[in-house]
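Me: I am new to this structure. Please walk me through how to read it, one feature at a time.

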Amino acid sequence: MSALLDKLLSHSSTGGTGAVVQQMRQAAQKSVLQYGLPTIADERWKYTSLKLLERREYSKLGAVDKATVIRSAENIIGDSPSAGLVVFAGGHCLLSQAPEWARSLVDVLSDDPEAAEQLLSADELVQAGSSDGFIWLNLARAADGLIIDIPPGVRVEQPLHIVYLDEDNLAWQLRHHWKIAAGSSLTIVEHLCCTGAGLGNIYRSIDLESDSELNWLTMQQAGNEFALLQHNHLLQQQSSSCRQWNLDLGARLSRQETRVSLTEKQANYHYGGLLLGQQRQHRDQQVLVMHDAADCSSRQNYRSVLAGHARGVVNTAARVAAGADGSDVQQNTASMLLSNTAEMDAKPELEIHADEVVASHGATIGQLDEEALFYLRSRGIDQGFAKQMLIAGFVNKIVTGISDAKLAAYAQAQVQQQLEHLL
Amino acid sequence: MLKIDNLHVEVDGKKILKGLSLTVEPGQVHAVMGPNGAGKSTLGNVLAGRDGFEVIEGSIEFLGQDLLTMGPDERAIAGLFLAFQYPVAIPGVNNAYFLRTALNAQRVARGEPELDAMGFLKMAREQAGALEMDDKLLQRAVNDGFSGGEKKRNEILQMAMLQPRLAVLDETDSGLDIDALRIVSEGVNRLRDAQRSMIVITHYQRLLDHIVPDLVHVLADGRIVASGDKSLALKLEQEGYAWLREADLSEQTRMAS
């Protein structure tokens with residue numbers, strides 16, 4: 001067993017008292033021990049080393065002062081309109097003005113063990129093929145999480161905000177289950193704002209029933225020492241729609257693996273990702289979209305800007321199954337390197353087994369356009385601001401794609417702040 | 001206004017300008033003509049301060065300041081404007097935002113108050129209208145997907161908004177049809193006044209039918225080999241540049257002997 005796994009197993013809790021849940025947790029722990037944590041010998045982890053995390057020490061999870069934490073979170077979301085606020089601190093899920101369709105995992109485990117069993121056993125099936133130790137570690141040791149269960153035909157107008165806050169070197173696993181029933185819609189805005197040299201491991205299982213809609217914006221603005229590992233698994237039914245914007249702006253190390261199954265016809269998944277990196281920050285985004293039914297569409301658009309010694313990895317993959325005719329797949333990754341020491345690995349992948357398919361992928365890596373810089377300066381704009389304008393213009397494609405104008409403006413302001421640090 | 005003295009410029013180690021001298025007084029319009037490769041665009045780029053154009057000898061004085069010690073943005077703020085031969089497309093940067101940022105950078109540097117978004121847009125729409133330019137182009141990304149004519153109008157729009165003291169028009173007529181040439185020229189002519197000077201770089205006499213210069217210079221092999229009034233442009237149109245080379249050659253022969 002690796003030193004890191006040893007530390008993580010000894011530090012994280014095992015909530016849930018039901019016998020079945022306990023069995024599942026134990027089985028998951030066996031899988032962790034069997035597979036171990038991933039190493040750079042694993043294809044999907046080949047660019048992300050865990051050495052940094054191994055050297056660190058982590059504190060045990062403890063109690064938090066709910067009122068203080070909620071107040072900090074309210075400051076972060078500002079006056080954004082909201083359907084409710086969920087805060088994660090110290091591995092706990094704290095709900096404030098939460099709607100009835102949102103509960104903490106801990107509450108569900110204690111109040112509704114059968115529902116908890118159902119959720120977790122569904123995961124167990126999904127995960128059966130996975131050898132990624134972090135996924136199993138999450139199931140074995142998740143301290144808490146957010147369970148969303150929107151009934152059919154409910155359109156939630158305001159976004160639900162989720163804020164992650166921690167200042168210490170805590171290591172936690174959080175596990176979310178979000179289900180949006182037929183004909184319903186929801187917007188989720190996540191703010192990952194942990195500071196300190198902690199380690200977060202988040203697993204999200206997302207079920208979109210037919211004709212449902214999820215708009216999902218993640219702003220990862222964690223502090224420069226934080227490490228964040230995320231796995232998402234989306235299941236989309238007929239004519240469901242997911243629009244995801246992932247702004248990967250902070251943290252020393254962030255890695256996210258997203259697997260989308262378009263299981264019924266006319267489902268669509270649109271992804272816009274933005275990576276900003278500086279100093280020795282490391283970003284790794286892996287997205288796999290599986291077109292298992294006809295007439296589904298997927299878009300994966302990335303923009304990356306890396307300065308200093310930052311390293312970025314974007315692996316966009318799509319698999320179109322035999323018979324999934326009418327699939328429409330587009331992948332585009334454009335990256336800008338601001339220094340000689342920044343590094344980008346872009347890996348587009350298309351695997352197509354159907355006959356009638358529209359598919360394209362493209363990847364470019366370049367530098368700041370000197371011609372454009374001269375053009376702006378020749379009009380009286382100083383060099384520093386001209387560079388900022390060009391970078392903002394480059395990443396705008398992702399941010400302006402956010403469908404809600406207020407959210408787009410909010411996101412743009414956050415990105416602008418980060419850009420100022422980048423130069 | 002502008003005094004260029006014995007300017008020698010290298011690009012990638014190759015000498016392009018070889019002792020160019022030119023003086024422009026306030027209110028004057030100078031046309032610079034010459035064969036391909038003579039160094040016309042180099043002159044525009046050196047004035048605007050583009051990287052890669054190395055001045056190895058000579059000086060440029062602009063409104064009493066040493067232009068060569070200034071960055072491109074400082075030159076613009078001092079009142080210099082280059083209308084690009086090939087305006088650069090900048091995807092993702094809004095044209096109106098770009099122009100307002102530039103205008104306000106210049107205003108602030110001159111100690112004037114910034115123009116707010118409303119005031120700016122009103123002014124920009126008026127100027128765009130005068131250039132028969134669709135004001136939707138203001139809300140597009142800078143020159144992105146613009147036609148050749150739209151790009152050139154966008155250059156003149158910027159010039160009209162920024163009100164420079166010296167404008168250098170680098171082959172602004174290239175790629176323009178007859179109507180667009182007239183509209184762009186009218187835009188330039190509206191900006192002519194006793195304090196503002198212009199250097200019009202062109203291949204063709206026809207632009208000078210619209211923008212009538214005070215002086216015409218012929219640039220060949222890196223320096224000015226002939227100057228005159230606008231009749232010089234007509235002579236070039238009729239006879240080409242060959243007679244200049246012969247004249248130049250005979251002069252060199254005489255000097256050698």
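Me: Which strands of chain B form an open sheet, in what order, and what is the pairing?

Reply: Bear in mind that this is a predicted model. Here is the general idea: strands of a sheet pair through backbone hydrogen bonds, either parallel or antiparallel. In chain B, four strands make an open sheet, ordered S2-S1-S4-S5, with antiparallel pairing. Strand S2 (14-24) and strand S5 (65-66) of chain B are the edge strands, and each pairs on one side only.

Me: How many bridges join strand S1 to strand S4 of chain B?

Reply: Eight bridges join strand S1 (residues 2-11) of chain B and strand S4 (residues 53-62) of chain B, and the two run antiparallel. For one pair to look at, find B:His8, which stands opposite B:Glu57 in S4(B).

Me: What is the order of the nine strands in the open sheet of chain A?

Reply: The order is S3-S4-S6-S8-S10-S12-S14-S16-S18 in chain A, and the pairing is mixed. At the edges stand strand S3 (102-104) and strand S18 (343-352) of chain A. Each has a single partner strand, so one side of each is left without a neighbour in the sheet. On average, neighbouring strands of this sheet are turned by 10° against each other, direction ignored.

Me: In which sense do strand S8 and strand S10 of chain A pair?

Reply: Strand S8 (residues 199-208) and strand S10 (residues 227-236) of chain A pair in the parallel sense, over 10 bridges. A:Arg204 has A:Asn232 in S10(A) as its bridge partner.

Me: Which strands does helix H6 of chain A lie across?

Reply: Helix H6 (residues 113-127) of chain A lies across strand S4 (146-150), strand S6 (171-180), S8 and S10 of chain A. Helix H6 of chain A runs at about 100° to S6(A). Helix H7 (residues 133-141) of chain A lies across S6, S8 and S10 of chain A, at about 85° to S6(A).

Me: Now a helix in chain B. Which residues of H4(B) are buried?

Reply: Start with the general idea: an α-helix has 3.6 residues a turn, so residues three or four places apart point the same way. Helix H4 (residues 117-130) of chain B has 14 residues. From its first C-alpha to its last, helix H4 of chain B reaches 20 Å, close to the 20 Å expected at 1.5 Å a residue. B:Phe120, B:Leu121, B:Ala124 and B:Ala128 are buried in H4(B). They cover an arc of only 95° around the axis, which puts them on the same side of H4(B).

Me: What do the buried residues of H4(B) pack against?

Reply: They pack against helix H3 (95-109) and helix H5 (148-162) of chain B. On the other side of H4(B), B:Met118, B:Lys122 and B:Glu126 are exposed.

Me: How many salt bridges does the structure hold over all chains?

Reply: The general idea is that side chains of opposite charge can pair when their charged atoms come close. Over all chains, the structure holds 27 salt bridges. One of them joins A:Glu257 and A:Arg44, with the closest N and O atoms 3.3 Å apart. This pair links distant parts of the chain, 213 residues apart. A:Glu257 sits in strand S12 (253-262) of chain A, and A:Arg44 in the loop between helix H2 (19-35) and helix H3 (51-54) of chain A. A:Glu257 is buried at 15% relative accessible area, while A:Arg44 is partly exposed at 25%.

Me: Why does the salt bridge of A:Arg255 and A:Asp284 tie together parts that are 29 residues apart in sequence?

Reply: These side chains meet at 3.4 Å, N to O. A:Arg255 lies in strand S12 of chain A and A:Asp284 in strand S14 (residues 282-291) of chain A, so the pair ties those parts together. A:Arg255 is buried at 1% relative accessibility. A:Asp284 is buried too, at 0%.

Me: Which two residues form the salt bridge with N and O atoms 2.9 Å apart?

Reply: They are B:Asp73 and A:Arg377. B:Asp73 lies in helix H2 (residues 72-78) of chain B and A:Arg377 in helix H8 (residues 370-377) of chain A, so the pair joins two chains. B:Asp73 is buried, at 10% relative accessible area. A:Arg377 counts as buried at 16%.

Key: Residues are numbered from 1 along each chain as its sequence is written. Chains are lettered from A and ligands numbered from 1 in the order in which they are written. This is a predicted model: local features need pLDDT of at least 70, side-chain atom pairs count only at pLDDT 80 or more; totals for chains, interfaces and linings use all residues. Side-chain values use heavy atoms; hydrogens and water are left out. A salt bridge is a side-chain nitrogen of Lys or Arg within 4 Å of a carboxyl oxygen of Asp or Glu. Buried means under 20% relative accessible area, exposed over 50%, partly exposed in between (1.4 Å probe, protein chains only). Two strands pair if DSSP finds at least two bridges between them. Axes are lines fitted to C-alpha atoms, for helices over the stretch in contact, and angles run from 0 to 180 degrees between N-to-C directions. Contact means heavy atoms within 4.5 Å. The expected span of a helix is 1.5 Å times one less than its number of residues. The arc is that of the directions from the helix axis to the C-beta atoms.
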